[in-house]
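Take the model below and follow its helices.

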Amino acid sequence: MGAWLGVVAEFGGQFAGDGQGAAAGLVQVAAEPALGGGDVDRRDDGAAEVADGGRDADESRFELLIDGGDLEARTRMLLASHMAGIGMGTTGLGICHGIGHPLGGRFDIAHGVALTMLLPHVLRFNLPVRLDRTAQAAFALGVGDTGKSTEWNADAAIDAVHRLAAEVGLTGRLGDHGVSEDDFDQLAEDALDDEVMANTPRRPTADQIRTILAAAS
């Protein structure tokens with residue numbers, strides 16, 4: 001695995017961020033459906049986009065790291081991103097994007113990279129109200145086990161998100177992008193002011209957002 005990570009093409013890092021952004025969107029559609037706007041059937045329709053889109057993102061991300069000009073892999077990644085967009089348009093966004101937006105605006109962090117750093121911690125924060133949904137995402141990510149408990153599968157999904165990031169070389173922390181604890185208050189304020197927070201299944205406090213930021217730092 002280290003060998004192909006060493007031959008990242010000119011745009012490999014960009015595609016890694018794009019791919020992880022698609023994967024993050026797909027996982028959020030499964031595990032973080034909107035509370036406001038839209039009915040349950042529409043949210044389930046959005047969650048249904050995860051499986052095929054997740055497979056497309058999973059299959060193409062490594063090929064793009066090796067060869068950024070691989071048209072077939074780029075096509076599958078584009079399809080995965082499109083499916084993530086359809087799903088998010090149905091379910092709405094949540095905490096991950098709410099925090100990711102000011103990270104991009106204030107620190108110029110690429111959106112997919114910001115989501116990658118945040119997503120495992122956001123999924124963990126949402127577990128008390130989205131345990132079943134997160135467990136279902138494990139199967140879309142290829143790590144689900146019908147013989148295991150819901151809690152086991154939810155943990156497996158979060159662990160898989162960690163591994164996806166590591167496998168494409170996105171192991172950076174917020175501190176690597178110039179974000180310090182001194183910035184947490186402003187970022188928490190920005191996030192709570194973001195309209196996507198109206199959709200999140202578990203409304204965070206400023207302290208809880210600071211805890212998420214600290215975990216990603």
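The axes of α6 and α7 come within 8 Å of each other and cross at roughly 145°. Axes here are lines fitted to C-alpha atoms, for helices over the stretch in contact, and angles run from 0 to 180 degrees between N-to-C directions. The crossing is right-handed. A crossing is right-handed if the near helix is turned clockwise from the far one by less than a right angle, and left-handed if anticlockwise. On the α6 side, I95, C96, H97, I99, G100, H101 and L103 take part; they meet H111, A114, L115, L118, L119, V122, F125 and N126 in α7. Contact means heavy atoms within 4.5 Å.

This is a predicted model: local features need pLDDT of at least 70, side-chain atom pairs count only at pLDDT 80 or more, and totals for chains, interfaces and linings use all residues. Residues are numbered from 1 along each chain as its sequence is written, and side-chain values use heavy atoms, with hydrogens and water left out.

Now the whole chain. It has 10 helices and zero strands. Helices (H or I, at least four residues) and strands (E, at least two) are DSSP runs, numbered from the N terminus. Of the 217 residues, 49% count as buried. Buried means under 20% relative accessible area, exposed over 50%, and partly exposed in between, with a 1.4 Å probe and protein chains only. Among contacts with a separation of 6 or more, 71% join residues 24 or more positions apart.

Between α6 (95-107) and α7 lies a loop that holds D108. Its phi is near 55°, a positive value in a residue other than glycine. D108 counts as exposed, because its relative accessibility is 71%.

What does helix α7 (residues 111-140) span between its end C-alpha atoms? The span is only 22 Å, whereas a straight helix of 30 residues would span 44 Å at 1.5 Å a residue. The expected span is 1.5 Å times one less than the number of residues. α7 also bends, by about 115° at R130. That bend is the angle between axes fitted to the seven residues ending there and the seven starting there. Of the 30 residues of α7, 22 are buried, so the helix is largely enclosed by the rest of the structure. Just after α7, G142 takes a positive phi of about 80°.

M117 sits in α7. At 8% relative accessibility, M117 counts as buried. Leaving aside residues up to four places away in sequence, M117 touches I109, G172, R173, L174, H177 and A216. A165 is 48 residues from M117 in sequence, yet 8.4 Å away in space, C-alpha to C-alpha.

α7 has another partner. It packs against helix α10 (residues 206-215) at an angle of about 140°, with the axes 9 Å apart. The two helices are therefore oblique to each other. Angles under 35 degrees count as roughly parallel, over 145 as roughly antiparallel, 65 to 115 as roughly perpendicular and the rest as oblique. α7 passes α10 in a right-handed crossing. Here L118, H121, V122 and F125 of α7 meet Q208, I212, L213 and A215 of α10.

Finally, look at the loop between α9 (184-193) and α10, the place of P204. P204 counts as buried, at 4% relative accessibility. Beyond four places in sequence, P204 touches I95, F125, L192, M197 and I209. P204 and A188 are 16 residues apart in sequence and 9.6 Å apart in space, C-alpha to C-alpha.
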